[in-house]
Amino acid sequence: MTERRPNRSSPEALAAHSAPDEQRQVAHIPVLVDAVLATLAPRDDAVYVDATFGSGGYSMALLSAARCRVFGIDRDPDAVRRGRELAEQLGGRLTIIQGRFGEMVRLLAPLSVGPIAGITFDLGISSLQLDSPERGFSFRFDGPLDMRMSGEGASAADLIASLSERELAELIREFGEERFAGRVARAITRAQHHQPIHRTMELAEIVRAAVPKFEPGQDPATRTFQALRIAVNDELGELDRGLVAAEQLLMQGGRLVVVSFHSLEDRRVKRFLQKRGEDAPRTSRHAPAPLRGLGPSFKLLGRRMVRPDPAEIARNPRARAARLRAAERTAAPAWPAGCTGADRHQKGRRA
């Protein structure tokens with residue numbers, strides 16, 4: 001593979017040249033894109049995986065930075081449809097795959113993609129999902145209380161209806177980090193007894209009335225909606241599986257970049273990389289047999305996470321909560337299944 005070429009065209013320019021008007025929104029610039037590109041250092045003829053294709057921002061940035069190939073993965077049928085329309089304009093350099101990134105190994109196996117030089121994750125919900133009332137992710141619009149990224153499985157309305165007050169409070173406290181989880185769960189459960197909750201605005205008003213104090217500039221419903229979305233889509237479990245899949249797929253020297261937007265995600269990524277990095281057990285005659293010879297599979301790139309600068313936050317307020325962590329794959333074998341290094345909590349339902 002050759003060295004990275006100078007970036008002679010921006011992602012916006014490439015998208016504008018390649019896609020019709022309806023598709024140009026797909027190529028918007030994602031959060032921390034410059035830091036992602038600086039870390040992955042795209043090279044001609046290399047292969048990259050955009051594990052959370054979404055609106056295609058990282059994929060387009062990679063394709064504009066080098067004559068490389070990108071495989072984009074997304075579980076959202078709408079994102080896949082838009083991505084495949086875009087891929088038709090790019091002469092085979094972009095391939096879109098529908099599925100969960102936790103299943104990357106299986107999804108990529110039939111495609112003979114070759115050595116993978118970089119994998120990037122942009123966790124959480126996309127702007128297009130959030131701004132579509134019919135998807136039910138947002139408390140800003142009235143829509144069905146859905147929140148399923150894949151459109152399959154139990155919805156948020158189903159989840160609320162199936163949980164006891166205690167279970168609901170635990171879910172909101174753990175996945176939403178909501179200090180008033182008990183009050184919120186009690187209010188939701190009482191409302192459910194009178195009439196099932198099927199709309200986003202119904203739920204938002206119930207939560208707002210139950211929260212006595214909230215952070216300035218943040219809607220009181222934010223944490224509850226986050227908790228339900230994480231549970232409906234099993235986002236933390238999927239992240240654990242995705243990190244393990246990336247470890248198995250990356251070539252020696254290949255780089256992993258993860259952009260997260262809240263502490264639950266970031267803590268999982270940090271612990272995974274620390275466990276497989278400098279905290280990994282070395283060969284020792286005193287080590288239990290299953291851990292002997294288990295070396296560090298990643299080298300951490302930077303001791304601290306990368307945050308957006310004020311200029312980026314001014315351009316894109318969504319970037320405010322973003323944090324980026326990165327690591328480089330070593331020559332050590334991938335760790336055995338089960339050595340995830342994730343948090344002890346593994347709750348959630350798969351969509």
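Predicted model: local features only at pLDDT ≥ 70, side-chain atom pairs only at ≥ 80, totals over all residues.
Seven strands make up an open sheet, and their order across it is β3-β2-β1-β4-β5-β7-β6, with mixed pairing. At the edges stand β3, which covers residues 94–98, and β6, which covers 298–300, and each of these strands pairs on one side only. From one strand to the next, the twist averages 20°.

Strands of a sheet pair through backbone hydrogen bonds, and the pairing is either parallel or antiparallel. In this sheet, strand β5 (residues 250–260) pairs with strand β7 (residues 323–329) in the antiparallel sense, and six bridges join the two. Within this pairing, R255 stands opposite E328 in β7.

## A helix on the sheet

Helix α5, made of residues 77–87, packs on the sheet, where it touches both β2 (69–74) and β3. The direction of helix α5 makes an angle of about 160° with that of β3.

Three aromatic pairs are found in the structure. One of them joins F139 and F225 in an edge-to-face arrangement, with 5.4 Å from centre to centre and 85° between the planes. F139 belongs to the loop between α7 (127–130) and α8 (156–162), while F225 belongs to helix α12 (residues 222–233), so the pair ties together parts that lie 86 residues apart in sequence. Both F139 and F225 are buried.

Another ring contact involves a charge: the charged end of R329 sits over the ring of F298, at 5.9 Å from the centre of that ring.

Note on methods
Residues numbered from 1 in each chain as written. Heavy atoms only, no water. Pairing = 2+ DSSP bridges. Helix = DSSP H or I, 4+ residues; strand = E, 2+ residues; numbered from the N terminus. Axes fitted to C-alpha atoms, helices over the stretch in contact; angles between N-to-C directions. Contact = heavy atoms within 4.5 Å. Phe/Tyr/Trp six-rings, centres within 6.5 Å; stacked < 30°, edge-to-face > 60°. Buried < 20%, exposed > 50% of the residue type's maximum accessible area, 1.4 Å probe, protein only. Lys NZ or Arg CZ within 6 Å of the ring centre and 35° of its normal.
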